[in-house]
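Welcome, and thanks for opening your viewer. Keep the selection panel at hand, and we will walk through the chain stop by stop.

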Amino acid sequence: MKKFLSLALALVLLCGCMFTLASCGGGLSGKYTDKLTGLTSYEFKGNKFTCTVGAGNFTYTASGTYEITEDGDQSFITFTYTDGDEDAKKEGGVKLALSKGTVDGKDYIEFGKVLPVKYIKQ
């Protein structure tokens, strides 16, 4: 009986550890810059993001929070703007299909409203 109880307790602890680790793996961190022009970048810290478009004196910045969700095999990222994009703030959140991967040894994310844009981690 002691062996069974010890085994059951070990399995419960193992499952708890797996769920804890799985819940931490969905977020983004760091700065990602678009691969094509390099003029758009997203910086992620915790559940917050900052989007910067442009170069030099001609830059536009928007920020807010983001959430990554899954629906079957597809991942989505929802941006909720708190500063910058007035139209997006009125929408309450912008949900886009998201894909992640690695190319040439660098992590990337890919999303976009009309056509997906690839952003490379810096």
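What percentage of the 122 residues in the protein is buried? Buried residues make up 24% of them, where buried means under 20% relative accessible area, exposed over 50% and partly exposed in between, with a 1.4 Å probe and protein chains only.

Before you click further, note that this is a predicted model, in which local features need pLDDT of at least 70 and side-chain atom pairs count only at pLDDT 80 or more, while totals for chains, interfaces and linings use all residues. Residues are numbered from 1 along each chain as its sequence is written, and side-chain values use heavy atoms, with hydrogens and water left out.

**Stop 1: the whole chain.** Switch to cartoon view and you will find two helices and eight strands, in the order α-β-β-β-β-β-α-β-β-β from the N terminus. Helices (H or I, at least four residues) and strands (E, at least two) are DSSP runs, numbered from the N terminus. Now show the surface: the accessible area comes to about 8600 Å², and 59% of that belongs to carbon and sulfur atoms. The areas come from the Shrake-Rupley method with a 1.4 Å probe; for residues, only the protein chains shown count as cover.

**Stop 2: the largest nonpolar core.** Select Tyr 42, Phe 44, Phe 49, Ile 77, Phe 79, Ile 109 and Phe 111, which touch the most other members of this 17-residue core. Such a core is a set of buried Ala, Val, Leu, Ile, Met, Phe, Trp, Tyr and Cys residues joined through side-chain atoms within 4.5 Å. At least two core residues come from each of strand 2, strand 3 (48-55), strand 4 (58-71), strand 5 (74-83), strand 6 (94-103) and strand 7 (106-111).

**Stop 3: the aromatic pairs.** Colour the rings next; the structure holds twelve aromatic pairs. Rings of Phe, Tyr and Trp (its six-membered ring) pair if their centres lie within 6.5 Å; planes under 30 degrees apart count as stacked, over 60 as edge-to-face and the rest as tilted. Zoom in on Tyr 42 and Tyr 119, an edge-to-face pair at 5.3 Å centre to centre with 85 degrees between the planes. Tyr 42 is in strand 2 and Tyr 119 in strand 8 (residues 117-121), 77 residues apart. Tyr 42 is buried at 8% relative accessibility, and Tyr 119 is buried at 6%.

Move on to Phe 79 and Phe 111, a tilted pair at 5.4 Å with 50 degrees between the planes. This pair joins strand 5 to strand 7 across 32 residues. Phe 79 counts as buried at 1% relative accessibility, as does Phe 111 at 3%.

**Stop 4: Thr 40.** Go to strand 2 (residues 40-45) and pick Thr 40. Is this residue buried or exposed? Thr 40 is buried, with a relative accessible area of 16%. Beyond four places in sequence, its contacts (heavy atoms within 4.5 Å) include Tyr 32, Cys 51, Val 53 and Tyr 119.

**Stop 5: charges over rings.** Select Lys 95, whose charged end sits over the ring of Phe 76, 4.7 Å from its centre. Then find Lys 118 over the face of Tyr 108, at 4.4 Å from the ring centre. The criterion is NZ of Lys or CZ of Arg within 6 Å of the ring centre and within 35 degrees of the ring normal.

**Last stop: Asp 104.** Look in the loop between strand 6 and strand 7 for Asp 104. Its phi is near 50 degrees, a positive value in a residue other than glycine. Asp 104 counts as exposed, at 77% relative accessibility.
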